[in-house]
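Hi,

Here is the structure I promised to pass on. Have a look at it first, and then read my notes below.

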Amino acid sequence: MSPALQTRLSPALRSRLPAALAAVATVAAGLTVRAVTGGWFAKYAGDALYTVLVHTLIVLVLPRVPPVRAAIGALAFSWAVEFAQLTPVPAALSEASVLARLVLGSTFGAADLAAYAVGAALAAAAHALLRPDPSRRAGARPAVSFRDHA
């Protein structure tokens with residue numbers, strides 16, 4: 001983000017903008033995977049991206065959440081939705097609404113649980129790599145530096 005844009009955005013918006021952009025990119029990736037590929041890859045990539053999207057939404061709401069906590073929350077939500085498919089409720093809701101079908105699915109698949117775990121791990125890794133380093137803030141000094149050991 002350019003310094004000029006940073007000065008015009010409120011701190012709250014500035015902290016949430018990367019997560020919002022990641023959510024949009026995740027939806028675009030899901031739609032692209034669905035349009036370009038097929039079969040098992042599209043299905044399980046879509047499941048993984050579902051959890052990545054949930055992760056980005058958690059970060060959007062709680063911008064300071066640590067990557068692993070956001071990933072655990074996203075994985076727990078994804079697994080809860082999958083296990084709910086063992087009941088007739090998601091299938092009934094999916095028949096009534098396209099949105100419910102996209103969010104809740106309709107049938108349980110044990111392999112989906114592994115795909116969600118892969119998505120959570122990838123989201124946590126990307127979040128950790130892209131997360132701003134608090135030691136780079138103006139005036140902040142890293143906890144350990146080369147000078148401490150020289």
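Ala-128 is partly exposed, because its relative accessible area is 46%, and that value falls between the 20% limit for buried and the 50% limit for exposed. Keep in mind that this is a predicted model. You'll find Ala-128 in helix H7. Its C-alpha lies 8.0 Å from that of Pro-66, although 62 residues separate Ala-128 and Pro-66 in sequence.

H7 covers residues 110-130, and it packs with H4 at an angle of about 160 degrees, the two axes being 9 Å apart. An angle over 145 degrees counts as roughly antiparallel, so that is what H4 is to H7. The crossing of these two helices is right-handed. On the H4 side, the contact uses Pro-67, Ala-70, Ala-71, Leu-75, Ser-78, Trp-79, Glu-82 and Phe-83. H7 brings Asp-112, Leu-113, Tyr-116, Ala-117, Ala-120, Ala-124, His-127 and Ala-128. By type, the residues in this contact of H4 with H7 are twelve nonpolar, two polar and two charged.

H4 has another partner worth a look, namely H3. What is the angle between H3 and H4? It is about 130 degrees, with 8 Å between the axes of H3 (residues 39-61) and H4 (residues 67-84). H3 and H4 are therefore oblique to each other. Here too the crossing is right-handed, for H3 passing H4. From H3 the residues involved are Tyr-50, Thr-51, Val-54, His-55, Ile-58 and Val-59. They meet Pro-67, Ala-70, Ala-71, Gly-73, Ala-74, Leu-75, Phe-77, Ser-78 and Val-81 of H4. This contact of H3 with H4 has eleven nonpolar residues, four polar ones and no charged ones.

Now for the protein as a whole. Which elements is it built from? There are seven helices and zero strands, so the pattern along the sequence reads α-α-α-α-α-α-α. The protein has 150 residues, and 28% of them count as buried. It exposes about 9900 Å², with carbon and sulfur atoms supplying 71% of that area. Taking the contacts between residues at least 6 apart in sequence, 58% join residues at least 24 apart.

Cheers

Methods:
Residues numbered from 1 in each chain as written. Predicted model: local features only at pLDDT ≥ 70, side-chain atom pairs only at ≥ 80, totals over all residues. Heavy atoms only, no water. Helix = DSSP H or I, 4+ residues; strand = E, 2+ residues; numbered from the N terminus. Buried < 20%, exposed > 50% of the residue type's maximum accessible area, 1.4 Å probe, protein only. Contact = heavy atoms within 4.5 Å. Areas by Shrake-Rupley, 256 points an atom, 1.4 Å probe, with all protein chains shown as cover. Axes fitted to C-alpha atoms, helices over the stretch in contact; angles between N-to-C directions. Parallel < 35°, antiparallel > 145°, perpendicular 65-115°, else oblique. Left-handed = near helix turned anticlockwise from the far one by under 90°. Nonpolar A, V, L, I, M, F, W, Y, C, P; charged D, E, K, R; others polar.
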